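Subject: Structure handover

Hello,

Here is the structure I promised to pass on. Please open it first, then read my notes below.

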Amino acid sequence: MFPKVHTGMDVEMNSNMDCGKSKGIIGEKSLQILVDKMKKYPVSIWRTVWKVGREDPRRVMHATKVGVALTLVSLLYLLQPLFTGIGQNAIWAVMTVVVVLEFTAGATLCKGLNRGLGTLLAGSLAFFIEYIATESGHVFRAIFIGAAVFLIGAAATYIRFIPYIRKNYDYGVVIFLLTFNLITVSSYRVDNVMKIAHDRFFTIAIGCGVCLIMSLLVFPNWSGEELHSSTVFKLEGLARSIEASAQTDKFVACVNEYFIEQDQIEANQEKSSAEDPIYQGYKAVLDSKSFDETMALHASWEPRHSRHCYRFPWQQYVKLGNVLRHFGYTVVALHGCLRTEIQTPRSVRGLFKDPSIRLAGEVSKGLMELANSIRNRRHCSPEILSDHLHEALQDLNTAIKSQPRLFLGSNSNQATNMLALAAAHATSQKNAKNSSGGGGVSLSSVKTDSSALMEWKSKRESSERKFLRPQLSKIAITSLEFSEALPFAAFAALLVETVAKLDNVIEEVEELGRIAGFKEYEHGDENIGVTSDKPQVIDVTQNQLPSHGVD
C-alpha cells in the first residue's frame, strides 16, 4: 500500500511542478507581450499625430492659433497692472477663448457675436430689474426678483423653440439666460454686483476680440470654402465608389468588383483596410446633411473675403447635398448587390460585363467633371452627357434583350436546376459539420425542383424543430426558372438608375453655377476623365470639433 501512496504523491507533485512551470511560462509570455506593446506605443502615438497633421496642415495652424490666443488672454492674470484693473474676472476671458475660438471664421463669428450680444442684453436687463427692485423696498424686492427670474427664464426658454431662433441664435439665448440669472439673483446679497457684471462683460469682450482677430486675420479658414471643398470631395467619392480609377489599383469599385473573378476578390480583400473601401467613397455623402447645414449657416456670418464670396449661394450647396445623398442611396443599393445571398453565376454576369463597365465608367466621368467644374468655379462641359454614355446605355439594353430566357423564363422543362445545386451545396455543408455520424440530411441532386421542395417540406414537418431552416427560403427562391438573372436584373436596374440620378445632379450643379456666377466653360479646360494629377481634396468634415456645453 505504501509504495502506491508514494507513487501517487510523486505523480501529484510532478503535476503541480509542471503546472507551476506552465504558469510561469505563460506569465513570462504575457509580460513579454506587454513590454513589446509598451515599446510600440510611442511609435503608434507619433504616427497618429503625424497622420492627423499631414492630412490637413491647417489643423496644426489652428492648434497654434488657439495656443497663442490663450497666452494673450492669460496676460490679464500674469501681468500685475492688468490684473489690478480687472481682478479675478480675468478668468472669463480665458473661458471665452476656449469656448468661442473655432476652426472656421464663420463658426467663431457666430459664437462670438452670440456670446457678446447675449451678455450685453442680459446685463442691461439685469441692471434695469435691479434699479426697479431697489426702489420697491426690501420685502417687495425679493418678490420682484423671483417673479422677474421666472418670467424671463420661461420666455427665453420658449423663444428657443422658434425655428429661426434655434437655428441662428440659440447659443446667444442660452448665454443671455445664464448671465441674467447670475447677475439678478446675486444682486440680492452682493452689493457690488453691477461692477462684477461690468468687469465680466469687459473681459468677455476682450476674449471675443482676441478670437475674432485670430480667426479673421491670422491664416483664416472660411466656412464657405469648407462647404465648397466638401461638395467636391463628395462628388469624387461617389465617382470612385461606382468605378475605380485606372491609377488606383488598390481601389475596387462596385461595378468592377461585381464582374471580377473570385480569386481577385479575395486578393483585394486582403489588401484593403478593415473598412470597406467602397463604403469609404460614399460615407461622406450619407453623413453630410448636418455638416452642410452647419457650414451654410456659419458661411452666412462671414464677411466678403474674396471676389467669389459674396456670390456664393450657400443654400444651393445644401440643395445639391440633398441631391447627392439621393444619388448615394442608389450607390448603397448597388453596393448591396455585391453582398446578396442569391447571386447570379459569374458565367451569366460575363455576358453583360463590357456594357456595364462602360456605363459605370461614363457615369463616373460625369461625376468627376462635375467635381472639376465646382472646384474651378466654372460651368460644366457641354459634353458631360456625351454620346459614349448613351451608347453604353444602349449596348446594355441590347445585351439584356439578347438573353430573353434569362429574364423572362423558359417554356421548356429543361431549365437549369438551381434548386439541385443549392440542395447539394447545403447537404455538403451539413455533412461537413456532422462528420461524426450525426444524421445529416441528404438530398438527391437529380430531383426536380418540385420534388426537392416537397422532400424538404416533409423533412421539416417530421422533425420537432420549431424554427425555419435557413436553407429552405433560399431553395424556394432558386427554384424559380429565371432566378439566375434576378440578382443581375436588380444590379442593372440600379446601374441605369444612376444615369437618371446623374441628370438631377447636373441640373443642381448648373443651377449652382448660374446663381454663383461661375465662368463659362472654354475648350482647353480640364478634360473629362479621372486623372491622377488633380489637386488633392481633403475630407473637411473631420475638421469640425464638437462643442461641449456653454462654458
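Of the contacts in the protein with a separation of 6 or more, 80% join residues 24 or more positions apart. Contact here means heavy atoms within 4.5 Å. This is a predicted model, in which local features need pLDDT of at least 70, side-chain atom pairs count only at pLDDT 80 or more, and totals for chains, interfaces and linings use all residues. Residues are numbered from 1 along each chain as its sequence is written, and side-chain values use heavy atoms, with hydrogens and water left out.

The protein has 23 helices and zero strands. Both are DSSP runs numbered from the N terminus: helices are H or I with at least four residues, strands are E with at least two. Of the 551 residues, 40% are buried. Buried means under 20% relative accessible area, exposed means over 50%, and partly exposed is in between (1.4 Å probe, protein chains only).

Helix H9

H9 covers residues 193–216. Buried residues of H9 include Val-193, Asp-199, Val-210 and Met-214. The buried residues of H9 pack against H2 (58–78), H3 (80–86), H4, H5 (105–135) and H8 (170–186).

Take H4 (residues 91–100): its axis comes within 8 Å of the H9 axis, and the two cross at roughly 40°. H4 is therefore oblique to H9. Axes are lines fitted to C-alpha atoms, for helices over the stretch in contact, and angles run from 0 to 180 degrees between N-to-C directions. Under 35 degrees counts as roughly parallel, over 145 as roughly antiparallel, 65 to 115 as roughly perpendicular, and the rest as oblique. The crossing of H4 and H9 is right-handed. A crossing is right-handed if the near helix is turned clockwise from the far one by less than a right angle, and left-handed if anticlockwise. From H4, Trp-92, Ala-93, Thr-96, Val-97 and Val-100 meet Arg-200, Thr-203, Ile-204, Gly-207, Cys-208 and Cys-211 of H9. Seven of these contact residues are nonpolar, three polar and one charged. Nonpolar means Ala, Val, Leu, Ile, Met, Phe, Trp, Tyr, Cys and Pro; charged means Asp, Glu, Lys and Arg; the others, Gly among them, are polar.

Two other helix pairs

The axes of H6 (residues 138–159) and H8 come within 10 Å and cross at roughly 175°. H6 and H8 are therefore roughly antiparallel. Residues in this contact include Ile-145 and Ile-152 of H6, and Phe-176 and Phe-180 of H8. The contact has ten nonpolar, four polar and no charged residues.

H10 and H14 (residues 289–299) pack at about 150°, with axes 8 Å apart. That makes H10 roughly antiparallel to H14. Their crossing is left-handed. Among the contact residues are Glu-226 and Lys-234 of H10, and Asp-292 of H14. The contact counts five nonpolar, four polar and three charged residues.

Two positive phi values

Most residues other than glycine have a negative phi. Phe-219 has a phi near 45°. Phe-219 sits in the loop between H9 and H10 (223–242) and is exposed, at 56% relative accessible area. Arg-377 has a phi of about 55°. Arg-377 lies in the loop between H17 (353–375) and H18 (387–401) and is buried, at 15%.

Best wishes
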